[in-house]
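Work through the two exercises below with the model open. Each task is followed by a stepwise solution.

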Amino acid sequence: MDTGPIALDGFLDEETVPGDLHGSTARFRLTVSPTDERTDEMILPCSVADAALAHAVIHDLVPGDKLRVTGYLRLPRTPDEPMWLVVTALSVLETAPLMSDPAAVATAVIERYGPYLCWFDADTTEVEVFTEGGKWVGAAPEPNELGELLEAFEHRQAAGGE
């Protein structure tokens with residue numbers, strides 16, 4: 001069975017890493033979310049064998065970048081073998097927001113929940129929430145209250161016709 005290349009959009013999950021000592025290959029993980037449901041998200045390991053593309057992946061991409069990758073899916077042949085995407089082309093759809101305060105980056109984390117971005121600051125229990133487009137959703141006093149905040153926001157959006 002001959003399968004052609006597939007194209008997927010997703011977010012760079014974490015820092016990219018060289019696949020070999022010379023940096024002529026690269027590896028990274030892509031968070032793919034075909035719907036807004038968190039249960040539909042998956043982390044897809046990716047590899048790049050082209051030296052020029054690997055150099056760009058290692059040096060130009062940062063976690064949070066939205067990417068479109070094209071390549072060939074390698075399915076496992078044995079139960080202990082992983083599945084991964086061999087990337088042949090890559091484009092950056094959106095760059096991750098730059099953090100202006102280096103100290104804040106060391107003590108805070110941005111997590112993605114479907115169409116929402118949550119800012120967790122280690123110095124406080126409050127969680128600030130924005131939409132993908134940057135619209136303010138609100139702040140949950142505790143992380144375990146995020147569900148209530150998002151549900152209230154979605155009800156407001158539905159009532160407002162948006």
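**Exercise 1. Trace the salt bridges.**

Task: Which side chain does Arg68 meet in a salt bridge, and at what N to O distance?

Solution: 
- Step 1. Arg68 pairs with Asp9 at 2.7 Å, N to O. A salt bridge here is a side-chain nitrogen of Lys or Arg within 4 Å of a carboxyl oxygen of Asp or Glu.
- Step 2. Arg68 is in strand S5 (residues 66-74) and Asp9 in strand S1 (residues 6-12), 59 residues apart. Strands are DSSP E runs of at least two residues, helices are H or I runs of at least four, and both are numbered from the N terminus.
- Step 3. Find the network. Salt bridges link Asp13, Glu14 and Arg29. The closest N and O atoms are 2.8 Å apart for Asp13 and Arg29, and 3.2 Å apart for Arg29 and Glu14.

This is a predicted model: local features need pLDDT of at least 70, side-chain atom pairs count only at pLDDT 80 or more, and totals for chains, interfaces and linings use all residues. Residues are numbered from 1 along each chain as its sequence is written, and side-chain values use heavy atoms, without hydrogens and water.

**Exercise 2. Read helix H1.**

Task: Which residues of helix H1 (residues 51-60) are buried?

Solution: 
- Step 1. Leu53, Ala54, Val57 and Ile58 are buried. Buried means under 20% relative accessible area, exposed over 50%, partly exposed in between (1.4 Å probe, protein chains only).
- Step 2. These buried residues fall within an arc of 130° seen down the H1 axis, so they line one face. The arc is taken from the directions from helix axis to C-beta atoms.
- Step 3. Turn to the face away from the buried side. Ala52, His59 and Asp60 are exposed there.
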